[in-house]
Amino acid sequence: MNLLHSPANATPPSQIGNIHALLAEIAALLGKLAENGGSGFIDLKSLPLAPGEARQLHDILGRGEVTASIDALGPSEIIETRYPGVWRVLHRNAGGDITADLLEIAHIPEILKAHPDDVRTSRLRVLERLAGTQ
Amino acid sequence: MTTSLAQGVNALVDVIDRPIAAFFNSCVHCGFCAEACLFYTETGDPRYTPIYKVEPLRKVWKQHFTVWGKFLHALGLSKPLTIEELREWEPLVYDACTLCGRCSAVCPLGNDVTYMIRKLREGMVAAGVAPEGLKGAAYRSLTIGSPMKITLQTLKATMRDAEQQTGLTIPLDKEGAELMLILSSNEIGLYPEILPAIARIFDKAGVSWTLCSTAFEATNAGIQIGSSDVARTLVQRIVDGAEKLKVKTVISPECGHAYTALRWDGPNLIGRPFPFKVLHITEFLDQLRAAGKLKTSGHESERMTYHDPCQIARRGGVVDAPRNLIDMIADNYVEMEETGIANWCCGGGGGVSSIERADPLRRKVFSKKKSQLDAIKVTTVVTACANCRHMIEEGIEDNKMNVKVVSLTEMLAQHV
Amino acid sequence: MPDPFMTLGEKLALQGVTRRTFLKYCTSLASLMALPPAMAAEMAEKLAKSTRQPVIWLSFQECTGCTESIARSHSPTLESLIFDAISLDYHHTLQAASGGAAEAARLASMKEHYGKYILVVDGAIPMKDGGVYSTIAGISNYDMLIDTAKGAAAIIAAGTCAAYGGLPHANPNPTGAVSVSDIVKDKPIINVPGCPPIATVMTGVIAHVLTLGALPELDEQKRPKVFFGDTIHDRCYRRPFYDQGKFAKTFDDEGARNGWCLFELGCKGPVTRNACATLKWNGGASFPIESGHPCLGCSEPNFWDAGDFYRALPEPAGKVLTTAAAAVAAGAVIGIAAGAIGRRKKAKAAAERKPVTSDDLK
Amino acid sequence: MNDADFLLWVRGPGMIIAVAVFVFGVLVRFLEMWLLGKNVDLAEPKGAAFGAGVRTMFTRSAPCGEEMCDGGFVLFSSWAFHIAFVLIFLFLAPHILFLKSILGFGWPALPKALMTILAIIGIISMVALLVHRFFHAVRNFLGKTVDYVAWTATFLPLLTGYLAAHSPLFGYSMSLALHILSFEIFIVLIPFTKLMHMFTVWVARYINGAAFGRKGVAV
């Protein structure tokens, strides 16, 4: 099941105010990103959200244009929300359990970037391939 | 014997029994007994809390009869009882307790504090720590035969007066009579009207009765001072007299302690049940009434109430009889708020009236009876104990109250 | 054999594991250990750059359950990769070498990595009779621990036996078994109790050391707070039934079928600190309470002697009735004796009591 | 000693020691009292002693009938905490588990909400009684150290029990351990303090009621 698929009228407005605080923090992090390009994170698993609040948050954030999936020892999903610069990063292990559930406020999530070391390794491997095809 | 602390402690060790141990084990220091004691309610002095008055007895119990107490004692954490302590407690145990039994009836734990005071007095006497007034009364009882030095001659004089007044013969030493009447010193010395009154009633009812030349004194100073040895001697005189005259019933007069001494303590003191019945005069008169042998005429219109003597009512179980009798002749009878087995003491029972030192305290605590009487606005107080009568009369005089005190028997005699 | 100086990143890269995988692992690890998510990238960098961390694993009085727990692998997990990546220089269950060669490997590693290696211990250490009850290559567990601990950077006591003495320590403890921390006092020790401990916790602790170069925050029992901060009860999905007072009374009653709280069946969840209720077992499949069995409290000290496993916590753990019966007998004897002494005392007092006469009243 | 060891100790050796001292002490104290004996009353009775004694065992719980005394606050508070203490001890579910494990049989529990209310009533009553004792002339005068020890020993099981059930202030293990320990202290102190009245009051009331009953007086 896609957890991000959100029914329109799933939950009533929050009574506790976690949502409000979260949105305020997202706004602040977006401000920082716009100003100096610094990225920020919110670990949703560590927050004591009341039942229904997570879904309410995702209803608000919605889905944007980009969806990426990673297959690295278990599936991961990276979804841009309807607010560009706000990404949901959802990691699962091989058993399918969620191991991390973050909001990343960045131009592009860190996990999507190819690491310089990997780039170097890639180059070597491509060179090896070249050598092999000659 | 010579009295000593050792003898006192020895006596206490002798008298401590399961009831006393159960009572001390149970006390939670809740203080309800204080509210039941007129010496506390009228003075507000917490030293008059009944359970506090038996502290020396508690000490002996704990040190001699509990493993824990012996252990503490061995460690030196508790000191033995001293003669000074007994002297310190003497005014609490004697002056400030009339053995009225109210605390015993109230204690939520069921402690019969009165029983404990009575037992503590055994030790106090043996230790030689007892008020002079009571010692004197007990001494005169043993040596002369009466605490108030009433002798057979005095009795005979009273009898003569009664015979003149009534025109009846007062029987003395009549063997085989149904009843033997005994009288308290107060009734012979202070209220001689009682004898003609009784004679008149008995005559009308056709009662076969007698007085006894060797056993006319009902007052038992031994019970008051708390010496079973003295009490036993005095009870034995009455038992001997009754057995000599072969009477079926001994009538205890209008005296509280006389009744308790003979009726409840008597058989236990001499160690065997009596071959005769013991009735309080009001019990007997009520039996006559029930049998239709007591006819009265005329009524008292005075607003009156009945003061229950503690030893007759709460400690004696005679509550209805006097009321049945008063009912025959009283038009305007009211009860005090606390009455029957809940009645407040006159303040002079248990030997207190014999302790000169206790006079101021006794007169002070009369305020309880005064407020009870004031509340119901009576002009006459009927009672069935010569000592209560005397105490209330004194109180009325002290407080300049417009109330008179009458003996139930005397009042009844006027209507037969 | 791979180059021993290869970094972990390089080594895993050969297996086609990208740095993205490191980042994902470290992100999950940070989330698991309640660290700021922003640290994940740095941790991944360090993990990738780390050379093979030398580890010496000593197994003393144990059942190999702890090794089984950590070494078992249903699918290639991140944890198992990390575990594979360390340099396990000595582990007498897993290593190929045996006899003198194995001991030589241990001594060589100790010498080469003096002050740097992590020492993992599973099993308790028998102290009685000179420690003869468990020896390896003729060396008592005690001597080997003392010797090996000297050069260790840190010690991980894996499993309840190493952490608290565990089963060997249980009453009557015939071998005089003690825990690692009873013996070693001068080294950082991390207790990872559990019978067996949760594999994720073990690897998490190792990864923490590798990535952050420091021990995780420990509680007063030297357990990593992040995993042992809450009780099973605190995190139990059956907790609402406890709060509502709905309890299974037997293993086959309606309450048990309805999945109610197992408190009355002896569950030690309220007094057991561990992460079973959140991390679960067997690849996150389940944990004891989820399968209908009360928590035994296996990660707590002396859990073997903590009364009957199936006795509820409020119930006394000892033989109260037997004691009470003995106390009744003793109380009756002493009480009757005290009563008899009291009566004799009274009789004596009665005999010695002299009557009060008129002379006494003058 | 950590929380778990502490809990283990109070559930095991602590409980054994406490029960042993309690049973032994109570039995000794009861026997040393009982065996002192009592003289047979030779006076002809006016009423039935036995029935009156049994009656008083119960009626004396309300000592201020017959206009004997003003019960008021103290009587009410005393009732409240006695009733709360006994009902909670006997009918709280975990307590039944405890008793069942010793006795071998159990009985239905009362609702936890009722127990909570009773505990609050008990705690408030006991505090009120303590404050009252400080300020009341007689009760302050009579109060000795052992009275305050007994008060504390009775109060702590109520308080720690309430805390263990409602706000584990020190964590569950510690809360439960403290509660069990407070109970153990309570039962250990019974034979050494006035708490003994829970056993002897029945003897005292019977003797008192029987003595009055023989005289035909119902008190």
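Helix H16 (residues 228–245) of chain B lies across strands E1, E2 and E3 of chain B and runs at about 145° to E1(B). This is a predicted model, in which local features need pLDDT of at least 70, side-chain atom pairs count only at pLDDT 80 or more, and totals for chains, interfaces and linings use all residues. Residues are numbered from 1 along each chain as its sequence is written, and chains are lettered from A and ligands numbered from 1 in the order in which they are written. Helices (H or I, at least four residues) and strands (E, at least two) are DSSP runs, numbered from the N terminus. Axes are lines fitted to C-alpha atoms, for helices over the stretch in contact, and angles run from 0 to 180 degrees between N-to-C directions.

**The sheet in chain B**

- Helix H18 (residues 281–290) of chain B also packs on the sheet, where it touches E3 and E4 of chain B, and its direction makes about 90° with that of E4(B).
- The sheet is open and has 4 strands in the order E2-E1-E3-E4 (chain B), with parallel pairing; two strands pair if DSSP finds at least two bridges between them.
- Strand E2 (209–210) and strand E4 (277–280) of chain B are the edge strands, each with a single partner strand, so one side of each has no neighbour in the sheet.
- Strand E1 (residues 179–181) and strand E3 (residues 249–252) of chain B run parallel and are joined by 3 bridges.
- Opposite B:Leu179 stands B:Thr249 in E3(B).

**Domains of chain B**

- Chain B is assigned domain 1 (5–130), domain 2 (146–289) and domain 3 (296–413); such bounds come from an automatic or database domain assignment.
- Between domain 1 and domain 3 of chain B, the C-alpha centres are 29 Å apart.
- Their contact takes 15 residues from domain 1 of chain B and 20 residues from domain 3 of chain B; two residues are in contact if their C-beta atoms, placed from the backbone, lie within 7 Å.
- On the side of domain 1 of chain B that touches domain 3 of chain B, helix H4 (38–41), helix H8 (83–95) and H9 of chain B are the elements that give two or more residues.
- H4(B) gives the most to that side of domain 1 of chain B, with 3 residues.

**Contacts between chains**

- Chains B and D share the most contacts of the 4 pairs of chains in contact.
- In this pair, 50 residues of chain B are in contact with 49 residues of chain D.
- H2(B) gives the most to the side of chain B that touches chain D, with 7 residues.
- That side of chain B has 26 nonpolar, 14 polar and 10 charged residues; Ala, Val, Leu, Ile, Met, Phe, Trp, Tyr, Cys and Pro count as nonpolar, Asp, Glu, Lys and Arg as charged, and the others, Gly among them, as polar.
- Chain A and chain B have no contact, and their closest C-alpha atoms lie 52 Å apart.
- Chain A does not touch chain D either, with 20 Å between their nearest C-alpha atoms.

**Strands in chain A**

- In strand E4 (residues 86–92) of chain A, 5 of the 7 residues are buried, so the strand is largely enclosed by the rest of the structure.
- A residue is buried if 20 or more other C-beta atoms lie within 10 Å of its own, exposed if 12 or fewer, and partly exposed in between, with C-beta atoms placed from the backbone.
- Strand E3 (residues 75–80) of chain A pairs with E4(A) in the antiparallel sense over 5 bridges, and A:Ile78 stands opposite A:Val89 in E4(A).
- E3(A) and E4(A) form a hairpin with 5 residues between them, and A:Gly85 in the turn has a positive phi of about 95°.
- E4(A) is also joined by 7 bridges to strand E5 (residues 98–105) of chain A, and the two run antiparallel.
- A:Leu102 in E5(A) is the bridge partner of A:Val89.

**The largest nonpolar core and chain C**

- The largest nonpolar core has 328 residues, of which C:Val121 and C:Ala157 touch the most other members.
- Helix H1 (residues 3–34) of chain D gives the most to this core, with 17 residues.
- A nonpolar core is a set of buried Ala, Val, Leu, Ile, Met, Phe, Trp, Tyr and Cys residues joined through C-beta atoms within 7 Å.
- Beyond its neighbours within four places in sequence, C:Val121 has contacts that include C:Leu58, C:Phe60 and C:Ala157.
- C:Arg52 lies in the loop between helix H3 (39–49) and strand E1 (54–59) of chain C, and C:Arg52 is partly exposed, with 18 other C-beta atoms within 10 Å.
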